[in-house]
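Student: I would like to go through this structure step by step. May we begin with the model itself?

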Amino acid sequence: MSVTQSGAHGLPTRWRAAAGRAVAGAALLTAVAFLPWLSGTDPALTVLRARSAEQDPSPAQLAVVREQLGLDDGPLAHFARWLDGLAHGDGGTSWVSGDPVLPQVTTAFAVSVTLMLGALVVTAVVAALVCARTLYLGSRLRLRGKAGTGAAVLAALPKFLLASLLATVCGVWLGWFPSQGWAGPQSMVLPALALGVPSGAMIGGLIDQSLPAAFHEPWARTWRAYGLAPGRVGRTALRRALSGVLPQLLPTVVALVGGAVAVEKIFNIPGLGRLALDAAIAQDLPPLQTATLTLVLLGVCAGLLIQAVRRVLLGPALRDGALPALHPPVLPRPRSLPWVIGFCALALLSLVVAGLLRDPLHVDTAARLLPPSAAHPLGTDSLGRDLLARLGHGALRTAGVALAVTTISALLGLLIGMATQVGAGLTEVVSTLPAVLAGLLTTAVTGPSVWGAACAVCLVAWTPYAAQTAALLEQERASGHMLASISFGAGPSYVLRHHLLPAALPALVRNALLRLPTTVLVLASLGFLGLGEQPPTPEWGRLLSENQPYAELAPWTVLGPAAALVLLAVLAVSGTATGGHGRISRRTGRPVHSHGVQPTASDSDSGAPVSLPLRVRSPR
């Protein structure tokens, strides 16, 4: 395809993507506008209680509030007035405080963006540390198998628990940094660490999983044979791996702005996520709508920027259909891997079995916050309930719901990611929706329940998988072997089964397993706000949320659930590190890829390696 034809086809594609963004953004803002009327609670009652904490207002007081706010006009009239005012630079006034909305949102947005930049620095540093070993060994062609347990442990750390730990140790005990408020650059250090360390482990783990495939491309061996420096080989391989992982930054960036509610509350930071949550709980519609619009615009801008950076990284090979596909090589299995899997499985199973033999609902106020002992191996909580019993009885429910949510989200992401033209805009917009706000919208329809919370998480959790799928499939469609298969007469079903799905599914499964503990924590945050699993039902994430206020006084109350999450994460990630993907050719001693192409090395005019097909199986 010529450049002129590519530009001609690219214009409708851009228009379709822009239409997807517009439709998704309008639908999201409309759903937010209907929130007070969907909740089943009189908006006037909620606003009046937020204003004066009046628990039993009279009908006359409610009528006055309803008349002041014009609630009888309905949601569409309010939405139209808000849009009209916004066109004139007026975001309206808060229903609770009566203050103008735009100054509040602007101040909160500036705080959140500053915190996001600090957290992104921490994310980049942690990601570099996670993949440094693979980058060093791969650039010297000495790559060996790796279980990836370190990244799994860091990614499984609950952000709100890490924030509490940092605030207590580094803020209160040692006095190194402020533990509360937002007074300057020093106030940014601890919350940036709490947000950036798990996010960096997640991104670094994905890069670490992609690097072996980049180093196994023929150009790497050719460059090393010609004596090129390992640093140049490593930089080029990192460039190849980053192009597939870079879209994962979109949900990460938005989550650092709008989804950092728990961290903002712990450190008392007046950020945008906290403003949106407080407005949603109080049904204060003008600031909630303006904050949601700000997050949508941020998501769209971040998505466009990430797409531009990806195209720069991939160079002309993406446009010209000469891009090699990344396929993981066959690596020797780490000798410690069976031991790691066995230890994690045995430890987790022992905790569950021992807990199932105990009563999780027995309350003993005389045994509150007891440390671990023979009678209570993990200690007791604030009501004197045995933590081992609650951990064991909550295992099946926690793992089952989280696995179901992760599976559904991954499948949705795969389907939407395949619709690249429309899915890109939809992904950018939906990724801006915090899970808490999605929970409020879902609960307004279904009521508070564990399955309502699961639906809320599914509404937003598919976006990382869709972004990853779209990026991988874009590269696969631009590969030489796929174009050769099509030229030999391959139909859509053959291309889907032999090219697209094999290119996306392995990385998608690894990503889903790495995010499994995060799903547990998101479900816990919804339950903690009364939107999900209701007490006294034992559930791992809820155990963390309930006991988080006692982490300084009785740290054992959170160590048990946190350790169980870490074991689950390590077990899930280690289970995928089985020593390689694909099979070895007996004739050449090299991996045979699923599409049957043996690539050779060449260099594109952009300096990036490009592989061209030597042998293609004619599709039957």
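Student: What should I know about how the values were made?

Tutor: This is a predicted model, in which local features need pLDDT of at least 70 and side-chain atom pairs count only at pLDDT 80 or more, while totals for chains, interfaces and linings use all residues. Residues are numbered from 1 along each chain as its sequence is written, and side-chain values use heavy atoms, with hydrogens and water left out.

Student: What is the average pLDDT of the protein chain?

Tutor: The average is 78, and 84% of the residues score at least 70.

Student: How many helices and strands are there?

Tutor: The protein chain has 28 helices and 4 strands. These are DSSP runs numbered from the N terminus: helices are H or I with at least four residues, strands are E with at least two.

Student: What share of the residues is buried?

Tutor: Of the 620 residues, 53% are buried. Buried means under 20% relative accessible area, exposed over 50%, and partly exposed in between (1.4 Å probe, protein chains only).

Student: Changing topic, how many salt bridges does a search of the whole structure find?

Tutor: The search finds 6. A salt bridge is a side-chain nitrogen of Lys or Arg within 4 Å of a carboxyl oxygen of Asp or Glu. One of them joins Glu217 and Arg240, with the closest N and O atoms 3.1 Å apart.

Student: Where do Glu217 and Arg240 lie?

Tutor: Glu217 is in the loop between α9 (189-215) and α10 (218-225), whereas Arg240 is in helix α11 (residues 230-245). The two are 23 residues apart, and both are buried.

Student: Which residues are linked with Asp381 in a network of salt bridges?

Tutor: Arg385 and Glu546 are linked with Asp381 in that network. Arg385 and Asp381 meet at 2.9 Å, N to O.

Student: Why does Arg385 count as buried?

Tutor: Arg385 counts as buried because its relative accessibility is 8%. Asp381 is also buried, at 2%.

Technical notes: pLDDT = per-residue confidence, 0-100.
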